[in-house]
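Student: Pick one part of this model and take me through it closely. I'd like the details in one go, cut-offs included.

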Amino acid sequence: MMVFHIYNPVQYTLMAIAYNQEIKQGKIIRLSIIGYVAFAILNAIFWQPFFEEYCSYSFNVNVVLVSSLCLYYLYRLLNQDTDNAFTQYPLFWISVGYLVYNCINILGLGAFNHLSADSRLAYMLEVIRTLSNYMLYSMFIIAFLTKQKSLQTSRRE
């Protein structure tokens, strides 16, 4: 369980930095990183102890923040004045992958501590989580194989 207490803040920090390269909202992104890391630390100390429970509160906040970044990026991509297809932007694939992954897993991981480990529901959610991980990593692979277009460099002249 302690791995996820460390993974979530690191993952959000790296995601926020990557999205900041595209959407250029530096001050807001920095504040969100600081706020989220502080929340994750407080959560690990007071609400969901580091060695005892999965950090579902931290995960839920992470889902909201990452989904917000993904949606804002997609909004900016839709409003971009360019002749390039959406599929040529790596962050398009990453955003779609994360949005689908987050929608699928918010219930299962958000309620992880409240589910009985031997229940059928827990097993079913674990299978769904595994499949959604494969889908997310497939989207990452597609993103790495696409042309490397950026919102900053692809404006129509």
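Tutor: Let's take helix 3, where S56, S58, F59, N62, V63, V66, S67, L69, C70, Y73, L74 and L77 are buried (under 20% relative accessible area with a 1.4 Å probe on protein chains only; over 50% is exposed, in between partly exposed). Bear in mind that this is a predicted model, where local features need pLDDT of at least 70 and side-chain atom pairs pLDDT 80 or more, while totals for chains, interfaces and linings use all residues. Numbering runs from 1 along each chain as its sequence is written, and side-chain values use heavy atoms, leaving out hydrogens and water.

Helices here are DSSP runs of H or I, at least four residues, numbered from the N terminus. Helix 3 has 23 residues, so at 1.5 Å a residue it should span 33 Å, and its end C-alpha atoms agree at 32 Å apart (the expected span is 1.5 Å times one less than the residue count).

Now for the core. The largest nonpolar one has 32 residues, with L69, Y73 and L77 among those with the most contacts inside it (buried Ala, Val, Leu, Ile, Met, Phe, Trp, Tyr and Cys joined through side-chain atoms within 4.5 Å). Helix 3 (56–78) is one of the elements giving it two or more residues, and helix 1 (2–23) is another. Leaving aside residues up to four places away in sequence, L69 touches Y12, M15, A16, Y19, I23 and I29 (heavy atoms within 4.5 Å).

Then there's N8, which sits in helix 1. N8 counts as buried because its relative accessibility is 3%.
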